[in-house]
Amino acid sequence: MSRILIVYGSSTGNTEGIAQKLRDYLTAAGHEVDLRNAAEVSAPGLADGFDAVLLGCSAWGMEELELQDDFAPLFAEMDSMGLAGRKLAAFASGDSSYEHFCGAVDAIEARGRELGAIIMTEGLKVDGDVSSAPDDVKAFAEAVQQQL
Ligand SMILES: Cc1cc2nc3c(=O)[nH]c(=O)nc-3n(C[C@H](O)[C@H](O)[C@H](O)COP(=O)(O)O)c2cc1C
């Protein structure tokens, strides 16, 4: 059994829906999952005590990548989360008609690598809500489990 933290930033509920589905899969597999809304947490020490951290965030920029409002302050302070040497994976809902499709996934992975996190698997990018890619969400949850 592993302790897993899932934190999501979601404005219309799409990334939240993915986070809930991931929580359901990982809980069913016997892991202890703490699911948190980015609006209700702060960065310092956030990852402490967890074996793995899953960060989810939608993107809202037009020409430049803008992270979801609640998640942006956490991203700015990612260095204080305690991610060095810790397992990390990213996920998001997005819209593939935008240039930076699910751009937060790439940003979180890049920053995580800089901070010494271990990227568990390729980030999950869902075009639309959780119902549009159930197989991808399940495959991501399984890939995460294999790295625990
Ligand atoms: C002004 C605006 C900008 C957006 N920018 C992006 C973007 O850069 N990349 C992307 O994948 N989706 C973009 N989207 C789409 C949202 O990220 C998408 O609807 C997503 O599902 C919202 O997820 P949430 O409900 O978890 O916040 C944008 C939408 C709007 C209205």
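Which residue just after H3 takes a positive phi? Gly 116 does, with a phi of about 90°.

The structure described here is a predicted model, in which local features need pLDDT of at least 70, side-chain atom pairs count only at pLDDT 80 or more, and totals for chains, interfaces and linings use all residues. Residues are numbered from 1 along each chain as its sequence is written, and side-chain values use heavy atoms, with hydrogens and water left out.

**Overall architecture**

The chain contains 4 helices and 6 strands; helices (H or I, at least four residues) and strands (E, at least two) are DSSP runs, numbered from the N terminus. Their order from the N terminus is β-α-β-β-α-β-α-β-β-α. The radius of gyration is 14 Å, close to the 15 Å that the globule rule gives for 148 residues, so the chain is as compact as a globular protein of that length. That radius is taken over C-alpha atoms, and the globule rule is 2.2 Å times the number of residues to the power 0.38. Along the principal axes, the C-alpha atoms fill a box of roughly 40 × 30 × 25 Å.

Of the 148 residues, 44% are buried, where buried means under 20% relative accessible area, exposed over 50%, and partly exposed in between (1.4 Å probe, protein chains only). The accessible surface comes to about 7,000 Å², and 43% of this surface belongs to carbon and sulfur atoms. Such areas come from the Shrake-Rupley method with a 1.4 Å probe; for residues, only the protein chains shown count as cover. Among contacts between residues at least 6 apart in sequence, 77% join residues at least 24 apart, a contact being heavy atoms within 4.5 Å. The chain carries 10 positive and 25 negative charges, whose mean positions are 9 Å apart. In this count Lys and Arg are positive and Asp and Glu negative, while His and the chain ends are not counted; each charge is placed at NZ of Lys, CZ of Arg, CG of Asp or CD of Glu.

The table sets out two of the helices with their spans; the expected span is 1.5 Å times one less than the number of residues.

| Helix | Residues | Length | Span, first to last C-alpha | Expected span |
|---|---|---|---|---|
| H1 | 14–28 | 15 residues | 21 Å | 21 Å |
| H3 | 103–114 | 12 residues | 17 Å | 16 Å |

In H1, the buried residues are Thr 15, Gly 17, Ile 18, Ala 19, Leu 22 and Leu 26. Their cover includes strands E1 (3–9), E2 (32–37), E3, E4 and E6, together with helix H4 (134–146). An α-helix has 3.6 residues a turn, so residues three or four places apart point the same way. Gly 30 follows H1 and has a positive phi, near 100°.

In H3, burial extends to Gly 103, Ala 104, Val 105, Ala 107, Ile 108, Glu 109 and Gly 112. The buried residues of H3 pack against E3, H2, E4 (87–94), E5 (118–119) and E6 (124–127). Cys 102 lies in the loop between E4 and H3 and is buried, with a relative accessible area of 2%. Its phi is near 50°, a positive value in a residue other than glycine. Most residues other than glycine have a negative phi.

**The loop between E3 and H2**

Two residues of this loop can be set side by side. Leu 65 sits between strand E3 (52–57) and helix H2 (72–76) and counts as partly exposed, at 31% relative accessibility. Beyond its neighbours within four places in sequence, Leu 65 contacts Ala 59, His 100, Gly 103, Ala 104 and Ala 107.

**The N-terminal segment**

Ser 2 belongs to the segment before E1 and counts as buried, at 11% relative accessibility. Not counting residues up to four places away in sequence, Ser 2 touches His 31, Glu 32, Asp 51 and Leu 148. By contrast, the C-alpha atoms of Ser 2 and Ala 133, 131 residues apart along the chain, are separated by 26 Å.
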